[in-house]
Amino acid sequence: MSVQRVVSPSALVLATVLLLPGLDAVPAVAQSAAQNDGFVPVTDAMLQNPSPDDWLMWRRTLNGWGYSPLDQIDRDNVGELQMVWTRALASGAQEGTPLAYGGTLYMPNPNEVVQAIDAVTGDLKWEYRRDIPDDVAEVMGGLTENNRNIAIYGSYIIDTSNDDYIYALDVNTGELAWEEQIFDYHVHPARHSSGPIIANGKAISGRSCRPRAGPVSCVILAHDPRTGKELWRTRLIPRPGEPGDETWGGVPYEERMHVGSWMVPSFDPELNLVPDARHPGGPS
Ligand SMILES: [Ca+2]
């Protein structure tokens with residue numbers, strides 16, 4: 001089984017890199033990285049205070065601001081940007097944000113395709129295509145192909161998958177380093193459109209829990225990003241007698257549903273807290 005498919009040119013979406021006239025064709029940061037073959041593993045300290053030259057997570061910083069302090073491109077010259085290279089992405093719903101580190105872009109494509117791309121040339125360094133069972137799309141329904149974000153930690157690219165696993169890829173080769181099942185998708189078909197973030201050495205991930213996935217699928221998980229070992233999972237739907245039970249008005253536990261946390265979480269290192277949004281489908 002392979003997710004590889006033939007697509008028409010009209011179905012392609014292009015990754016594009018733009019450059020301002022007058023700037024070096026090869027940015028200084030990328031030049032220095034290209035000259036250094038040694039990959040520097042990503043640490044919690046780097047994630048919690050990222051270099052302006054890199055983009056190490058979905059919104060660059062753990063507070064989710066999505067703000068870059070770089071100032072070479074501004075309101076006055078943004079109109080002068082010119083295309084340097086393009087390359088095709090895998091077909092499907094495009095919601096991915098690339099990571100940028102050491103002159104390489106790590107791009108989450110739909111249907112668990114992850115690519116490492118030379119940021120200067122657009123050349124493909126490696127591509128991972130997860131072997132997804134044929135019935136996943138039917139079991140999961142719409143939006144299951146989304147692959148919004150990936151995480152980088154140590155020498156791994158980490159993502160959650162359509163078939164309800166969390167997995168890590170070797171950052172230098174794209175080969176699968178480890179994987180850990182979160183759910184049997186036939187029993188609890190939770191949907192992973194977003195990948196994890198890294199919070200103090202833990203890979204924190206949320207998920208959409210459709211009604212048929214049951215209340216136990218409405219959970220936030222932490223995994224060891226070095227090994228994939230599950231560290232904890234916290235339910236977002238209380239059982240009878242637990243705090244928050246009173247907000248459910250006596251609805252039997254088995255009928256409580258749809259309190260997912262499908263959007264990418266954020267993290268406050270000072271408070272050691274993970275703020276997360278929940279799907280508004282039910283009380284909690
Ligand atoms: Ca994914």
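In which sense do strand E12 and strand E13 pair, and over how many bridges? They pair in the antiparallel sense, over three bridges.

This is a predicted model. Its mean pLDDT is 88, and 87% of the residues reach 70 or more. Residues 1-12 fall below 50; this stretch still has 19 contacts in the model beyond near neighbours in sequence. The pLDDT also stays under 50 over residues 25-36. There the model has 11 contacts beyond four places in sequence.

The protein has 284 residues, of which 39% count as buried. Its secondary structure comes to three helices and 14 strands. Take the contacts with a separation of 6 or more: residues 24 or more positions apart account for 58% of them.

Now to strand E13. The strand spans residues 219-223 and is mostly covered, with four of its five residues buried. E13 pairs with E12 and also with E14. The table sets out both pairings.

| Strand paired with E13 | Residues | Sense | Bridges |
|---|---|---|---|
| E12 | residues 202-205 | antiparallel | three bridges |
| E14 | residues 230-235 | antiparallel | five bridges |

Histidine 223 in E13 is the bridge partner of alanine 203. Isoleucine 220 stands opposite threonine 234 in E14.

How many residues lie between E13 and E14 in their hairpin? There are six. Glycine 228 sits in the turn and has a positive phi of about 90°.

How values were computed
Residues numbered from 1 in each chain as written. Predicted model: local features only at pLDDT ≥ 70, side-chain atom pairs only at ≥ 80, totals over all residues. pLDDT = per-residue confidence, 0-100. Contact = placed C-beta atoms within 7 Å. Buried ≥ 20, exposed ≤ 12 C-beta atoms within 10 Å, placed from the backbone. Helix = DSSP H or I, 4+ residues; strand = E, 2+ residues; numbered from the N terminus. Pairing = 2+ DSSP bridges.
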